[in-house]
Amino acid sequence: MRLVFMGPPGIGKGTYASAVSKKYGIPHISTGDIFREEIKKGSPLGLKVKEYVSRGELVPDDIVIEVVRRRLSREDCKKGFILDGYPRTLRQAEALDEITKIDLVLNFVAPDEIIIERVSGRIICSKCGAIYHEKWRPPRKPGVCDVCGGRVIKREDDRPEVVKHRLELYKRQFAPIIEYYRRKGLLVDVDASDTADVVIPRIIRLLESYGFKPPR
Ligand code: ADP
Ligand code: ZN
């Protein structure tokens, strides 16, 4: 089962990818995670991509494509994989077709207002990183982390206007890629406007309807 997960920032893609990865025993491959790890290690690749990642700019296609090619050739990808954060350009999508055959692209969708509400209500522990939501999952004591007692704050770039701007950028950047997969008949929209405990079973049912059964 070779899958690509796509969706705007804040839709919960990473959460869904880990859940499906666990359920099906296939690796969750996030190019963002790979780059962050290499930067932390200070590897030659890390040094090459550091500038781009720290500025939030796209890493050049040639580098990303090579990283993904090498990662997908590893033994643990034999039974399948979930790609998250790749492709981000048409060239990356075309290169992926040369590397392997993708079975399905899950395109997570939700109305903008829901994503904005979700992300802009997000508050996070400044010490341990635990995530809360002002309305849906506030800490027991206002402003204080349940886990570590640290101060719970709102991140500057989770403000509604900023989230909205990110969504616009996403749409502009991904429209051609979504179109590319739609034309190939590989794209399925997945309604992600509910909570993860509803969306995850929905994804599993969808995959089963395509004949992908989880191992028992
Ligand atoms: P974000 O949603 O903040 O971009 P990611 O974890 O997806 O977070 O990616 C972090 C950074 O890694 C990106 O800002 C970019 O610099 C780089 N990156 C990740 N995936 C790609 C890709 N497919 N093409 C180009 N750059 C990428
Ligand atoms: Zn904490």
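This is a predicted model: local features need pLDDT of at least 70, side-chain atom pairs count only at pLDDT 80 or more; totals for chains, interfaces and linings use all residues.

Start by selecting residues 122-125, strand β5: three bridges join it to β6, and the two run antiparallel. Strands here are DSSP runs of E at least two residues long, helices are runs of H or I of at least four, and both are numbered from the N terminus; two strands pair if DSSP finds at least two bridges between them. Residues are numbered from 1 along each chain as written, chains are lettered from A and ligands numbered from 1 in written order, and side-chain values use heavy atoms, leaving out hydrogens and water.

Now bring in the rest of the sheet. It is open, with three strands in the order β6-β5-β7 and antiparallel pairing. β6 (131-133) and β7 (152-153) are at the edges with a single partner strand each, so one side of each has no neighbour in the sheet.

Next, select the zinc ion (ligand 2). Which protein atoms are its donors? They are the SG atoms of C125, C128, C145 and C148, lying 2.3 Å from the ion. (Donors are N, O and S atoms within 2.8 Å of the metal, or 3.2 Å for Na, K and Ca; water is not among the atoms, so sites may look incomplete.) Along the chain, the donors are spaced C-x2-C-x16-C-x2-C. The angles among the four donor atoms are 100 to 115°, making the site tetrahedral; for four donors that label requires all angles between 85 and 135 degrees. For reference, the ideal angle for four tetrahedral donors is 109.5 degrees.

Colour by accessibility: C145 is buried at 4% relative accessibility, while C148 is partly exposed at 30%. (Buried is under 20% relative accessible area, exposed over 50%, partly exposed in between, with a 1.4 Å probe and protein chains only.)

Then jump to Y181. Setting aside neighbours within four places in sequence, Y181 is in contact (heavy atoms within 4.5 Å) with P87, A93, L96, V105, L186 and L187.

Finally, zoom out to the whole chain. It holds eight helices and eight strands, and 43% of its 216 residues count as buried. The C-alpha trace spans about 50 × 45 × 35 Å along its principal axes.

Terms used:
Four donors count as tetrahedral if all angles lie between 85 and 135 degrees; four count as square planar and six as octahedral if opposite donors are over 155 degrees apart and all others between 65 and 115; anything else is irregular.
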